[in-house]
Amino acid sequence: MFSKILIANRGEIACRVIRTARRLGIRTVAVHSDADAAALHVAMADEAYAIGPAPAAESYLRGDLVLEAAKRAGAEAIHPGYGFLSENASFADACAEADIVFIGPPPDAIRAMGGKSEAKALMERAGVPLVPGYHGDDSSASLLAKEAERIGFPVLIKASAGGGGKGMRVVEDSGAFQSALDGARREAKAAFGDERVLIEKYLARPRHVEVQIFADRSGEAVYLFERDCSIQRRHQKVIEEAPAPDLPADLRAAMGEAAVAAAKAIGYEGAGTVEFLLDEDRRFYFMEMNTRLQVEHPVTEFITGLDLVEWQLIVAAGGNLPLRQEELSIDGHAIEARIYAEDADRGFLPSTGTLRRLDFPQAGPHVRIDAGVRAGDTISVNYDPMIAKLIVWDRDRAAAVRRLEAALTEVRVAGVASNVDFLRRIATHPAFRGADLDTRFIDRHGDGLKPSRSGADDAVLATAALFVLLDRKSAAEKASRRSADPWSPWNRADGWRLNDEGRADITLRDEDGRHVVPVRYRRDGGYRLSLPRGEMPVEGALESDGALTAVLDGVRKRVVVDRSGDMLTLFMEGGACVLHLVDAVQAADREGGEGRLAAPMPGKIVAVLVAEGQAVRKGEALVVLEAMKMEHTVAAPADGTVARLPFGVGDQVEEGADLVGFEASEGGEA
Ligand code: ADP
């Protein structure tokens, strides 16, 4: 076994590999970009090397710098994690040349599965079933269009070098083909530097079922059962579980054996995943093979009781697989939820900023948290916006789903938008509970997964107002302790006023607009609020950990509230609510800014689809922005005219930049 390894990654996977290495008594070396100097993985490792500036292309993707660090540190092996260099065959070659073990398959196996098209051709020869499609070399637009006709719409265009759902487009009919092809190629080029695509029949209601395999140098290979990853948004996994619900034993064995055959066909070694689509008629089709550890591997670890990183290390060190197929079995059910810094209610737009608060449930035999960040860290545009993975286990699926729901209520994220409430809505959805899964689950149940927004109700407004009142009171008390005349009435914050009776208005703002809450100060230190549904007596106290004990109409509750400037995040029973405290002076200018077509995040303009002076209809695409390797289309908010286009293709824009000067036409609502 190795005595020292380098982890060529960051975030949760780097931390996760370090944990196993430490348990096995292996010393760990981290590498990091300048932006990550204080990151969790750096703090956890025994040793760390700075390898370059924040952009991954100049740091984590620089195989030469990673190798240099490994040599300096005297590491015998490199674990690439997932993403970055994990499926880079030239890097694996370079490791071999430098006499450092690449913890992954041989470079040729990576190459064989590297392109989706080549992999399909190979699997076809090995007799593994494929989805009908075109994965040939000729990629002229006219041929692809003809192939799409032949396959029959709807079809799916995929980046041949793809991953993470990038460069993927569903096309419903031939009219939409050309622009979808252009978009897919652009995204593929930006994300992978390779614009080749392939076309497949778009299956109506498939499940994504993937098989975890392991192979060693002696040629032995086993499958560690399957994961169902059908809960996806934008073709990216959000919730994964193992085993796949309701999979008959014979189908499990058939899929497992097909996966092992795929691995053997390419002389595989180490951990790998063979992804299949499983259709309603229980036919399964090869999609691709990922020649690395997957994000969702913890669910397999939970049901098999194994540590897959430990297995990777054993195999990479030349050892045999620790168990034979007949020694492997499934125990219970595990589910993983990926917690992302993204706004699920705004098209899953990644959210950046400082994690002001990050609470997780207690880890234990039923709950595992794989986090790569901690409170105070930033989520930046440079890297994947994943905050953590929450993994739960129980004896059967129903119990695991309940665990998931409960655990998610204990996750609190403030400072950036997160998908936690969205995950909770999935976990509690009857179709999810009933294991009625397919890859379009989120689209299909879209409405049922939206926040049940009755707007800010009385309880929310009362909680927010009470928090503001108590927060002011404690600030005033602190100030008066410092002031020269602690007994001055001007330092009192209990509503005492020279000329009125202890009244105030607290104004809060959310997406629905403004809410004015008139307050009367009671003599006993409590308050009486006037809310939309009536008067409510409230009182409470701020706890030292930032929580609020609120007594609303006699009912006592503990609510965690995070305040950042004028923004309040209330972690209520039904999910997080964000409200802004309106300062009367600033309010006027702030509201003037709405209706602008601003960049939702920093990025690059990749397409301008209209011209200045052009009349457009509501919803028409105007400009396409690429940010965090995904495209975001800016659409007309109403019928109107494009007045100005300050940016051109290739321009880099800051968050909040005005992308389009837009004038709504008479009568149009902007
Ligand atoms: P990536 O490598 O970008 O993750 P995959 O080929 O693994 O792309 O596909 C990602 C997801 O896209 C699948 O899990 C599935 O939901 C969907 N998908 C892929 N191919 C098809 C298809 N032919 N029909 C329907 N859905 C598909």
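The following legends describe close-up views of a predicted model.

**View 1**

An oxygen atom of the ligand lies 2.6 Å from a polar side-chain atom of H208. For K158, the distance from a polar side-chain atom to an oxygen atom of the ligand is 2.9 Å. On its own, the ligand has 550 Å² of accessible area, of which the protein covers 96%.

**View 1. The largest nonpolar core.**
This core consists of 65 residues, and the members that touch the most other members are I5, I213, F214, F276, F286 and M289. Helix α9 (249–265) supplies the largest share of the core, namely seven residues. Domain 1 (4–103) and domain 3 (207–449) both give residues to the core, which therefore lies between them.

**View 2. The cis peptide bond between F153 and P154.**
F153 and P154 are joined by a cis peptide bond with an omega of about -5°.

E241 is part of strand β12, which spans residues 236–242. With a relative accessible area of 2%, E241 falls under the 20% limit and therefore counts as buried. The side chain of E241 forms a polar contact of 2.6 Å with the side chain of R397. A cis peptide bond, with an omega of about -5°, joins A242 and P243. P243 itself lies in the loop between β12 and helix α9 (249–265).

F225 has a positive phi of about 70° although it is not a glycine. The residue is placed in strand β11 (residues 221–233). At a relative accessible area of 8%, F225 is below the 20% limit and so is classed as buried. H235, likewise not a glycine, has a positive phi of about 60°. The position of H235 is in the loop between β11 and β12. H235 has a relative accessibility of 29%, which lies between the limits of 20% and 50%, and therefore counts as partly exposed.

**View 3. Helix α13 and its covered residues.**
Helix α13 extends over residues 420–427 and is mostly covered, with eight of its eight residues buried. The buried residues in α13 are V420, D421, F422, L423, R424, R425, I426 and A427. By class, D421, R424 and R425 are charged residues.

**View 4. L461 and D553.**
L461 lies in helix α16 (residues 458–482). This leucine counts as buried, at 1% relative accessibility. L461 and D553 are 92 residues apart in sequence, and their C-alpha atoms are 13 Å apart in space.

**View 5. E87 and L542.**
E87 is found in the loop that connects strand β4 (77–79) with helix α4 (89–97). With a relative accessibility of 34%, E87 counts as partly exposed. E87 and L542 are 455 residues apart along the chain, and a distance of 50 Å separates their C-alpha atoms.

Note on methods: Residues are numbered from 1 along each chain as its sequence is written. This is a predicted model: local features need pLDDT of at least 70, side-chain atom pairs count only at pLDDT 80 or more; totals for chains, interfaces and linings use all residues. Side-chain values use heavy atoms; hydrogens and water are left out. Helices (H or I, at least four residues) and strands (E, at least two) are DSSP runs, numbered from the N terminus. Buried means under 20% relative accessible area, exposed over 50%, partly exposed in between (1.4 Å probe, protein chains only). A polar contact is a pair of N or O atoms within 3.5 Å; within protein, one must be able to donate a hydrogen and the other to accept it, and residues adjacent in sequence count only if both atoms are side-chain atoms. Accessible areas come from the Shrake-Rupley method with a 1.4 Å probe; for residues, only the protein chains shown count as cover. A nonpolar core is a set of buried Ala, Val, Leu, Ile, Met, Phe, Trp, Tyr and Cys residues joined through side-chain atoms within 4.5 Å. Domain bounds come from an automatic or database domain assignment.
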